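Visitor: I am new to protein models. Can you show me how to read one, feature by feature?

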Amino acid sequence: MEITNQLTAEEKYSIIRENGGDTEHLLKILHELQNASGLNYIDQETAEMVAKEVGLPATRVYEIITFYAMLKTKPKAQFVLKVCNSTPCHFSRSEEIVQILEEELGVKMGETTKDGMFAYHYIPCVGACDIGPVIKVKDTVYGNLNREVIQKLLSDLRNGKRDQ
Ligand code: FES
């Protein structure tokens, strides 16, 4: 199931109006809409709605959203899987781990799965070289990875069985 912005049009209109509803309060409006979206981003439909309400061209609103680092146009994944690719982990097959993630999740590095749950990218050494290759999720490091371990980890995260 693809998860998109979880607000109804009515809820978006109320957020816009409750936060000033004009160009002077544009950043506040966008920030509040992003926070309430459920996935920490502003989708195209919402940006267009804001533009119409405050009386600006949609292109101007997009420019503002892309200018400010705190505003996002893509949903943020619930779990970001950080794959160590420093030398020891590299030699213990970190590239193979990325290949497995790509196959299991159906998205490339840097993309978010359609259900909004997962994204993955490389990070440098996390100090667990003896159990490489490793993935760090929030503050937890998972090591000695192979396809089976990764499948179990993804399934547990999906089902809320890992303490994250
Ligand atoms: S090189 Fe990967 S944990 Fe150190």
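The dialogue below goes from the whole chain to single residues.

Guide: Two ground rules come before the features. This is a predicted model, so local features need pLDDT of at least 70, side-chain atom pairs count only at pLDDT 80 or more, and totals for chains, interfaces and linings use all residues. Residues are numbered from 1 along each chain as its sequence is written.

Visitor: How many helices and strands are there in the protein chain?

Guide: Start with the rule. Helices (H or I, at least four residues) and strands (E, at least two) are DSSP runs, numbered from the N terminus. The protein chain has seven helices and four strands. Along the sequence their pattern is α-α-α-α-β-α-α-β-β-β-α.

Visitor: Why is the protein chain described as more spread out than a compact globule?

Guide: The globule rule is 2.2 Å times the number of residues to the power 0.38. For 164 residues that rule gives 15 Å, but the protein chain has a radius of gyration of 19 Å, well over that value, so it is more spread out than a compact globule. Taken along the principal axes, the C-alpha atoms fill a box of roughly 55 × 30 × 25 Å.

Visitor: Into which domains is the protein chain divided?

Guide: Domain bounds come from an automatic or database domain assignment. Here domain 1 covers 9-67 and domain 2 covers 79-158. The C-alpha centres of the two domains lie 34 Å apart.

Visitor: How do I read a pair of helices? At what angle do the axes of H1 and H2 cross?

Guide: Axes are lines fitted to C-alpha atoms, for helices over the stretch in contact, and angles run from 0 to 180 degrees between N-to-C directions. Helix H1 (residues 9-18) and helix H2 (residues 26-36) have axes that cross at roughly 145° and come within 9 Å.

Visitor: Which residues of H1 and H2 meet?

Guide: Two residues are in contact if their C-beta atoms, placed from the backbone, lie within 7 Å. From H1 come Lys12, Ile15 and Ile16; from H2 come Ile29, Glu32, Leu33 and Ala36. Five of the residues in this contact are nonpolar, none are polar and two are charged. For these classes, Ala, Val, Leu, Ile, Met, Phe, Trp, Tyr, Cys and Pro count as nonpolar, Asp, Glu, Lys and Arg as charged, and the others, Gly among them, as polar.

Visitor: Now single residues. Is Ile16 buried or exposed?

Guide: Count neighbours. A residue is buried if 20 or more other C-beta atoms lie within 10 Å of its own, exposed if 12 or fewer, and partly exposed in between; C-beta atoms are placed from the backbone. Ile16 has 23 other C-beta atoms within 10 Å, so Ile16 is buried. Leaving out residues up to four places away in sequence, Ile16 touches Gly21, Ile29, Val50 and Glu53. Over the protein chain, buried residues make up 26% of the 164 residues.

Visitor: What does Leu30 touch?

Guide: Leu30 sits in helix H2. Leu30 is buried, because 24 other C-beta atoms lie within 10 Å. Its contacts are Ile42, Val50, Ile65 and Leu71, not counting residues up to four places away in sequence.

Visitor: Where is Leu71 found?

Guide: Leu71 is in the loop between helix H4 (58-67) and strand E1 (79-84). Leu71 has 18 other C-beta atoms within 10 Å, so Leu71 is partly exposed. Leu71 and Leu27 are 44 residues apart in sequence, yet their C-alpha atoms are 9.1 Å apart in space.

Visitor: What should I look for in the backbone itself?

Guide: Look for exceptions. Most residues other than glycine have a negative phi, and most peptide bonds are trans.

Visitor: Which peptide bond is cis?

Guide: The one from Gly132 to Pro133 is cis, with omega near 0°. Pro133 lies in the loop between strand E2 (118-123) and strand E3 (135-137).

Visitor: What is the phi of Lys138, and what is the phi of Asn144?

Guide: Lys138 is not a glycine, yet has a positive phi of about 55°. Lys138 is in the loop between E3 and strand E4 (140-142). With 10 other C-beta atoms within 10 Å, Lys138 is exposed. Asn144 is also a residue other than glycine, and its phi is positive, near 50°. Asn144 lies in the loop between E4 and helix H7 (147-158). Asn144 counts as exposed, because it has 12 C-beta neighbours inside 10 Å.
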